[in-house]
Amino acid sequence: MLCKHGDTDSCLTAVQVTALQKIYAGPRTSTGQGIYPGFPASGAEAGTVPGMGWDGWIFAPAGGAANQTKYAAALLAHFATQLHTDVEHFDFDRDYPVFKSELAPVLDAVDADLSRFAARGGKLILWHGWADPALPPQHTIDYFDAVRAALGTENAARMLRLFMVPGVQHCFGGPGANSFGQFTAPPPPADPHADLSAALERWVEEGVPPDELVARHATSPLLGALDWRQADPHQTRLLCAYPKNAVLKGKGSSAPASSYRCVTPARPFAERIGR
Amino acid sequence: MCVQKQFDRNKKVRIALLASSLILAKALCPQTALAQAPALPPLPDSVSEQARAQLSALTGAPNGTRLTVVQMRAFADQAQTAMAAEQRKKYAVTITEEVMAGVPVRIVSPSERAPDAKRVLLNLHGGGFQIDSGSLTENVPIAALTGLRVVAVRYRLAPENPFPVAVNDALAVYRALLRTYRPEHIAVYGTSAGAILGPELIARIIADGLPVPAALGVFSGDADLARRGDSAGLFPFSMGGQDLSDVYAAYAGKQGLTQPLISPIYGDLKRFPPTLCITSGRDFLLSATTNLCRKLGVEAVQAQTIVFDALPHAFWSYLAAPESDEAFKSMAKFFAQRLQQDPGASARCAVLTRAMLPDTTITSARAVPAGPFIAPFMLGEAQVPASCRVEGRISPEPGSDIRFEVWMPLSDWNGRLYGAGNGGFAGAISYSPGLVEAIQRGGAGVSTDAGHAIGSPAAAEDGSWAQGHPERIKDYGYRAVHLSALIAKALVAAFYGEPAQRAYFASCSNGGRQALRAHRLTTGPGWPRISSGTRRRSGRPERPCPQPTSRRSKPRCSIHALWAMGVRRHSSAIRGYASSTRRPCCANMGTPIPV
């Protein structure tokens, strides 16, 4: 994609390629050690609503700052008391350890030992949109893996599920199947096959874990996330509990959820996209 | 009412009930017309022993004597008074005789609590239009169960006063009530003839262009006086020697039975209010009652039908049996829902302002009727059911100010508590997604502003509230969600009298972080162990007031105590708690909720 005959809309300059590589790689120390995952190519970077994709979160709009920058600036300016720097001058070797030691104890939620929660019968469903430009999807996968390591895979399977959702942005929206009860279930009757919230209740109360879910696409992203019944019942995709992937049973490219089945991949998706 | 009764053809089973109405029943129920009725099987086992005993107490040949109207009225008064005296041992009410708009009314009021000042019920009693067989017995349980005043219209009777005199009297009382009550706070109901007059009154209200009441109860009724349903053939009716056609003819006078003001089923039912139909398997108006609610359903009116197996016509007004209690409860629940009123809910909600919870001030607790809700940050207006909404602030250390709200549906609580977190830097209570959806699903909901307030969505990335306020960063980081969950559980237990069976938390972005931060606190050592996140633990705390083991035992103690309070409000647990306040860990907690 590197421009060979000057800068056009169909290619990237060397500077743009470097920037993209940094976004994919995530923040790193000067020795290349990763601090936090980057944002993967999703095919849905532009999103469906202006400002909700990379355009609002990662790239600064004209005359403003990207959301990522705004949050980072606020944390540096108002939360951290032991650092006196800003986003522009933040040094990952020097400043990051100070920043982390002060704020991680108060803010971080990375403790993977869910054994007490599990012992009380607690169930946890995580989900993340592959096209999320605000929080990197890989971080949720890392947490999922950490819980499995802490509890053991079998124990974790009794209380933890992760759904990675293609084409969905931060919390809602995106060109994918963006409507699956991720915020809340609508009033009854509940449908645990279409609705993550109802699926959690069924798991807790009836002991049936959610391994598959039929998600719909909603044109109005927020409305779709509030009530999946408002979404298009003819645009569906099968969501599979990680690490399984939805695989087309036959051939085709825009088939409904019923054309897919959940398959454990030889290599996890994250690996295949180069992470 | 039950001035008619039915028996099986073998005359083994006979009518109704209470000792003194036995006379009435016998007198009013001749055996004529029974010849063509088919044989009935014995009562099924599902019928309660009490109902069975009372129904079989009236064996032996009934007295087929023709009675004058005067004799029937005298018998009915005697029987009803005796029955009501029995009912009043169980249902505490006061009864007054008044005149409203020139019409005599009997007002039945709950006596164990102040009657709901905003809502009222209008009753039209049964008795074949010719006698008053239910202005007491149909209403005593209802007034006590609903906490509402029941105005029973003592309309002028047939045959002296044929149609439309009784409806006119009912309408005059309804108009009078409209001067004090809003139509959405009035429900109309009746049994037997009263459940014929009820639909007629609604048809008349609509015809006259008056506002329609909130609900209609048709309890063994009829809206089609021109035709007889199947059940009228199976279970023949007789009252003092008159059959059903005689009674309808005496009531209608010279009016045609198919005109919609007499038989509303022939008119436009679209504007009828939500209706509850109750009937029973051996009710001669089984067909008529179910036909009306079926037709209402076709016209898109909310209509529900309850059929009690095997029991006779209008049994609740003369059988002292569990089935009657159940029928009255169903009626009361329907009125409470339609009038957006839960017995005592306002008071039970308001008393939560006096809840003593650690580091917590309850600033408001009020019952809010069903209706639209809108708040900043919401997509649009949402319709929410009636709920008890508690607002408060938690301040675990100086400078900390966590605002929270707990919403609890007034009726049909599903036993769950739903927590909703906050995205970004938080700063506003999550109404939707959050509290709105929680109560729409029938659950209780809790949300906080995470300890600071922002003015607009545009300020979502503004972190200046954190500047120089480490306590606010802690609240945002983990305390707000955790503490509000504990407070919500205590409030839910106090309000419903039992703890939430399940607690859920769903949220995205920073809300996901909140969830994964809070679970350790809720399940970890050193914090109150309260059923959360998951499966129900035992219904009540093992130790209402634990010995102090650490500086944290204060909140544990008080929250458990309040919880115990909710579980067994009027029990010795409260006295136990009160005495336990002498123990150090509870000493400064006082009595959480005066009850």
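Trainee: What makes the crossing of helix 5 of chain B and helix 6 of chain B right-handed or left-handed?
Mentor: Helix 5 of chain B passes helix 6 of chain B in a right-handed crossing. The term applies if the near helix is turned clockwise from the far one by less than a right angle, left-handed if anticlockwise. This is a predicted model, where local features need pLDDT of at least 70 and side-chain atom pairs 80 or more, while totals for chains, interfaces and linings use all residues. Residues are numbered from 1 along each chain as written, with chains lettered from A and ligands numbered from 1 in written order.

Trainee: At what angle do helix 5 (residues 165-178) and helix 6 (residues 194-207) of chain B pack?
Mentor: About 65°, with their axes 10 Å apart. Axes are lines fitted to C-alpha atoms over the stretch in contact, and angles run from 0 to 180 degrees between N-to-C directions.

Trainee: Which residues of helix 5 of chain B make the contact?
Mentor: A166(B), V167(B), A170(B), L171(B) and Y174(B). Contact needs C-beta atoms, placed from the backbone, within 7 Å.

Trainee: Why is helix 12 (residues 431-440) of chain B called largely enclosed?
Mentor: 10 of its 10 residues are buried, so the rest of the structure largely encloses it. Buried takes 20 or more other C-beta atoms within 10 Å of a residue's own (exposed: 12 or fewer; partly exposed in between). E437(B) is among those that pass.

Trainee: What comes just after helix 12 of chain B?
Mentor: G442(B), with a positive phi of about 90°.

Conventions: Helices (H or I, at least four residues) and strands (E, at least two) are DSSP runs, numbered from the N terminus. Two residues are in contact if their C-beta atoms, placed from the backbone, lie within 7 Å.
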